[in-house]
Amino acid sequence: MHPAPLVEAARQKLQAFIRAEGLKQTRQRDEILDAFFAAGGHVSVDELLRDVLLRSPGVGHATIYRTMRLFVDAGIAHERNFGDGQTRYEPMVPDEHHDHLICLDCNKIFEFEDPIIEERQAQVCIRWGLTPQHHRHEIYGRCQKGAACPNRA
């Protein structure tokens, strides 16, 4: 669950985007936005559909998919693919950056921040004369034996 000010800022950003694009604000989009931010991140369309149907029966898979594309275009969601065949979405939080560790057994996604990695990436960009705009760092591995992975003995 994300804090109310973040959700409200996303709602305002979405409304401005919808107006600028000549689209209509709908109750279904509001319900999907609320469910998306309540999910906490790394949510698939199928998972979001399950949550939205609890609040708003009759919403379909295509509506969720189109709305998530709208959220990405509006700059309130990141679209992620972690190699499990599912597109996942996480809220775009201003001035926040994190990277991901993904378990190949249980598909659990761990978020992490590491200032040493960030500094090293900046140094590499300087060395190559590149002005970074954004980046994504994903590490795929297997949970340690005895860790929270349900697929490990």
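**The pocket, the sheet and the hairpin**

The model is a predicted one, and the space in its largest pocket comes to about 310 Å³. Of the 14 residues that line the largest pocket, those nearest its centre are His78, Arg80, His97, His134 and His135. Sorted by class, the lining of the largest pocket holds 6 polar, 5 charged and 3 nonpolar residues.

The two strands named above also belong to a sheet, which is open, has 3 strands in the order E1-E3-E2, and is paired in the antiparallel sense. Because strand E1 (43-44) and strand E2 (77-81) each have a single partner strand, they stand at the edges of the sheet, and one side of each is left without a neighbour there. In general, the strands of a sheet pair through backbone hydrogen bonds, in either a parallel or an antiparallel manner. Here E1 pairs with strand E3 (residues 87-91) over 2 bridges, in the antiparallel sense, and within this part of the sheet Val43 stands opposite Tyr89 in E3.

Two helices lie across these strands. Helix H2 (residues 27-39) lies across E1, E2 and E3 and runs at about 90 degrees to E3, whereas helix H4 (residues 61-74) lies across E2 and E3 and runs at about 115 degrees to E2.

Another antiparallel pairing joins strand E4 (residues 99-103) to E5 over 4 bridges, with Leu101 standing opposite Phe110 in E5. The hairpin that E4 and E5 form has 5 residues between the strands, and in this hairpin Asn107 takes a positive phi near 65 degrees.

The C-alpha trace of the protein chain spans about 45 × 45 × 25 Å along its principal axes.

How far can these details be trusted, and where is confidence highest and lowest in the protein chain? The average pLDDT of the protein chain is 85, and 92% of the residues score at least 70. Confidence is highest in H4, at a mean of 93, and lowest in strand E5 (residues 109-112), at a mean of 80.

Terms used: Residues numbered from 1 in each chain as written. Predicted model: local features only at pLDDT ≥ 70, side-chain atom pairs only at ≥ 80, totals over all residues. Heavy atoms only, no water. Pairing = 2+ DSSP bridges. Contact = heavy atoms within 4.5 Å. Axes fitted to C-alpha atoms, helices over the stretch in contact; angles between N-to-C directions. pLDDT = per-residue confidence, 0-100. 1 Å grid on protein atoms, 1.4 Å probe; cavity = no way out; pocket = protein on both sides within 12 Å on 5 of 7 lines; lining within 4 Å. Points joined across faces, edges and corners; volume = space filled by probe spheres on them. Nonpolar A, V, L, I, M, F, W, Y, C, P; charged D, E, K, R; others polar.
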